[in-house]
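Hi,

Here is the structure I promised to pass on. Have a look at it first, and then read my notes below.

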Amino acid sequence: MKIKLLKDFKEFAVKGNMIDIAIGVIIGTAFNKVVNVLVKEVLMPPLSFMTDGTNWENRKIILREAIVNEGKTKVEEIAIGYGKLLEAGIDFLVISFTVFIVVKLMNSLKKEAEDPKNSKVVTPKNIELMNKTNELLEKQNAFLMKVLGEKS
C-alpha cells in the first residue's frame with residue numbers, strides 16, 4: 001500500500017503537475033512583491049501628493065475615540081480602516097490588469113502557433129495532423145459529392 005502511494009506520488013511529480021504548481025507559486029510570490037512596491041512606492045505617493053500629503057494607509061473613520069486617563073488607555077479606539085482597503089483595491093487592479101495582459105498575449109501567441117498556414121511559427125504536431133486530416137476529409141467529401149452527383 002505504501003509503495004503504491006509513493007509510486008503514485010512519483011508519477012504525479014514527474015508528470016509536471018507539481019512542478020508547474022511550484023513554479024506558479026514562486027512566480028506569484030515574486031510578482032506580489034513587485035506589485036506591492038509599485039503600489040506603495042509609485043502609485044500612492046502621487047495620490048498622497050494630490051491630496052495634500054495624506055497617508056492613505058492610515059486613513060480611517062473613527063467610530064469611537066480612545067479614552068486615555070493618566071497616560072493609560074481605558075477604552076480602545078474603534079475605527080474602520082479604509083486606507084488599507086484602498087491599497088488592497090489598487091493592488092487587485094494592478095494584478096488583474098497584468099494577468100489580463102499576460103493571458104491576452106499568451107492567447108495570441110497560442111493562436112498564432114496553432115495556425116498551420118503561418119510558416120513563421122512552428123505549428124505543434126497534433127495541430128498539423130488535425131489540419132492534414134481535415135484537408136483529406138474535405139477532399140474525400142468533394143470526391144464523393146462529385147461521384148454521387150454524377151450517378152443521380
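Predicted model: local features only at pLDDT ≥ 70, side-chain atom pairs only at ≥ 80, totals over all residues.

Asp-8 is partly exposed, at 37% relative accessible area (partly exposed sits between buried, under 20%, and exposed, over 50%, using a 1.4 Å probe and protein chains only). Its partner is Lys-4: the two form a salt bridge, with the closest N and O atoms 3.3 Å apart (a salt bridge is a side-chain nitrogen of Lys or Arg within 4 Å of a carboxyl oxygen of Asp or Glu). Lys-4 counts as exposed, at 54%.

Residues are numbered from 1 along each chain as its sequence is written, and side-chain values use heavy atoms, without hydrogens or water.

How many salt bridges does the structure hold? There are 2. The other one joins Glu-77 and Lys-60, at 2.8 Å from N to O. Glu-77 is in the loop between strand 3 (72-75) and strand 4 (78-80), and Lys-60 in the loop between helix 2 and strand 1 (61-64), so this pair ties together parts 17 residues apart in sequence. Glu-77 is partly exposed at 32%, and Lys-60 is too, at 39%.

Now back to helix 1. Of its 13 residues, 1 is buried, so the helix lies largely in the open.

There is also a nonpolar surface patch of about 460 Å², made by Phe-9, Phe-12, Met-18, Ile-21 and Val-25 (patch residues have over 30% relative accessible area and no salt bridge, with nonpolar side chains joined within 5 Å and like charges within 9 Å). Helix 2 gives the largest share, 3 residues. Among them is Ile-21, which sits in helix 2 and is exposed at 53%.

Asp-91 is buried yet has no salt bridge, and the nearest side chain of opposite charge, Lys-40, is 6.5 Å away. Glu-87 is also buried without a salt bridge, and there Lys-40 is 4.3 Å away. Leaving aside neighbours within four places in sequence, Asp-91 is in contact with Val-35, Asn-36 and Val-39 (contact means heavy atoms within 4.5 Å).

Cheers

Conventions
Helix = DSSP H or I, 4+ residues; strand = E, 2+ residues; numbered from the N terminus. Lys, Arg positive; Asp, Glu negative; His and termini not counted. Areas by Shrake-Rupley, 256 points an atom, 1.4 Å probe, with all protein chains shown as cover.
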